[in-house]
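Keep the sequence and the 3D view open, and try each task before you read its solution.

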Amino acid sequence: MAAKAVRQWERRLLCALGDCAADARVAGAARALSWSGEHAAVWLLVGLAGAATDRTQRERWLRGTGLVGAAHLASMGIKRVVRRPRPEPAGRAPLVRTAGRHSFPSSHAASSGAAALALGGLRLGTPLAALAALICVSRLVAGVHYPSDVVAGAALGALVVRLGAAARPEGAPSQVVPGPAAAARNAEGAVG
C-alpha cells in the first residue's frame with residue numbers, strides 16, 4: 001500500500017513539474033542543465049579547472065574530480081542491475097534524449113551530489129551546490145526521472161564521496177572537503 005502511494009505521489013510531482021516546462025524559458029533551462037550534466041561533464045570540467053588554477057589544493061581538486069567520476073560510474077553500474085524503465089509522462093514527450101533506457105538511480109544526481117560535497121568546499125560552495133540542485137530538478141522537469149531516482153542518485157553520490165574520504169591514503173586529510181565544523185576549528189587554530 002505504501003509503495004503504491006509513493007508511486008502515485010511521484011507521478012503527480014512529475015506531472016506538476018512537467019507542466020512547468022510549458023514555459024519555454026523553463027524548458028530551455030531544463031534542457032541546458034540536463035545537457036551540462038550529461039556524463040558528469042560540467043563537474044569534471046569544474047574539477048579539472050580548479051586543479052589547473054588552484055595549485056595549493058590541486059590534489060584535493062583532482063581527488064574530488066575522481067570521486068565525481070566514480071559516483072557517475074557507480075550509478076551506471078547500478079542502473080544495469082536495477083533496470084527501472086524511465087517514466088512515460090502521459091501526453092508529453094521528454095524534453096531531452098537520454099543515453100540509456102534505465103532511470104534508477106539518476107547519474108546526473110549522483111555526479112551532482114558528489115560534486116556538491118567533493119568540490120563545493122574548495123571554492124564557490126554555494127553556487128556549486130545550487131547548480132547541483134538545479135541539475136537534479138532539471139531531470140524531473142525534463143520528464144526522464146522519477147523523484148526517487150534523483151534522491152537515490154544524490155545519496156549515492158554522497159556515499160561515494162564519504163567512502164572515498166574514508167579510504168584516503170595514509171597521512172592524507174580525513175575529509176575531501178572540510179565541513180562547517182572542521183572549517184571553524186581550522187579558522188580558530190589559525191587565529192589562536
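Below you will find some notes on the model, then the exercises with worked solutions.

This is a predicted model, in which local features need pLDDT of at least 70 and side-chain atom pairs count only at pLDDT 80 or more, while totals for chains, interfaces and linings use all residues. Residues are numbered from 1 along each chain as its sequence is written, and side-chain values use heavy atoms, with hydrogens and water left out.

**Exercise 1. The whole chain**

Find how many helices and strands the chain has, and what share of its residues is buried.

Step 1: Count the elements. Helices (H or I, at least four residues) and strands (E, at least two) are DSSP runs, numbered from the N terminus. The chain has eight helices and zero strands.

Step 2: Look at burial. Buried means under 20% relative accessible area, exposed means over 50%, and partly exposed lies in between (1.4 Å probe, protein chains only). Of the 192 residues, 40% are buried.

Step 3: Check the contacts, meaning heavy atoms within 4.5 Å. Among contacts in the chain with a separation of 6 or more, 79% join residues 24 or more positions apart.

**Exercise 2. Helices α4 and α7**

Work out how α4 and α7 are oriented to each other, and which residues meet.

Step 1: Take the angle between the axes. Axes are lines fitted to C-alpha atoms, for helices over the stretch in contact, and angles run from 0 to 180 degrees between N-to-C directions. Helix α4 covers residues 58-82 and helix α7 residues 147-166; they pack at about 130 degrees, with axes 9 Å apart.

Step 2: Name the orientation. Angles under 35 degrees count as roughly parallel, over 145 as roughly antiparallel, 65 to 115 as roughly perpendicular and the rest as oblique. The pair α4 and α7 is therefore oblique.

Step 3: List the partners. On the α4 side they include Arg63, Leu67, Ala74 and Ile78, and on the α7 side Leu156, Val160 and Ala165.

**Exercise 3. Ala74 up close**

Decide whether Ala74 is buried, partly exposed or exposed, and find its contacts beyond its sequence neighbours.

Step 1: Locate Ala74 in helix α4. Its relative accessible area is 26%, so Ala74 is partly exposed.

Step 2: Leave aside neighbours within four places in sequence; Ala74 is then in contact with Leu156 and Val160.

Step 3: Compare sequence with space. Ala74 and Leu156 are 82 residues apart in sequence, and their C-alpha atoms are 8.1 Å apart.

**Exercise 4. Helix α5 and its partners**

How is α5 oriented to α7, and how to α4?

Step 1: Begin with α7. Helix α5 (residues 107-118) packs against α7 at about 40 degrees, with axes 7 Å apart. That makes α5 oblique to α7.

Step 2: Go on to α4. The axes of α4 and α5 come within 8 Å and cross at roughly 155 degrees. That makes α4 roughly antiparallel to α5.

Step 3: Look at who touches whom. The contact of α4 with α5 includes Gly64, His72 and Lys79 of α4, and Ser107 and Ala115 of α5.
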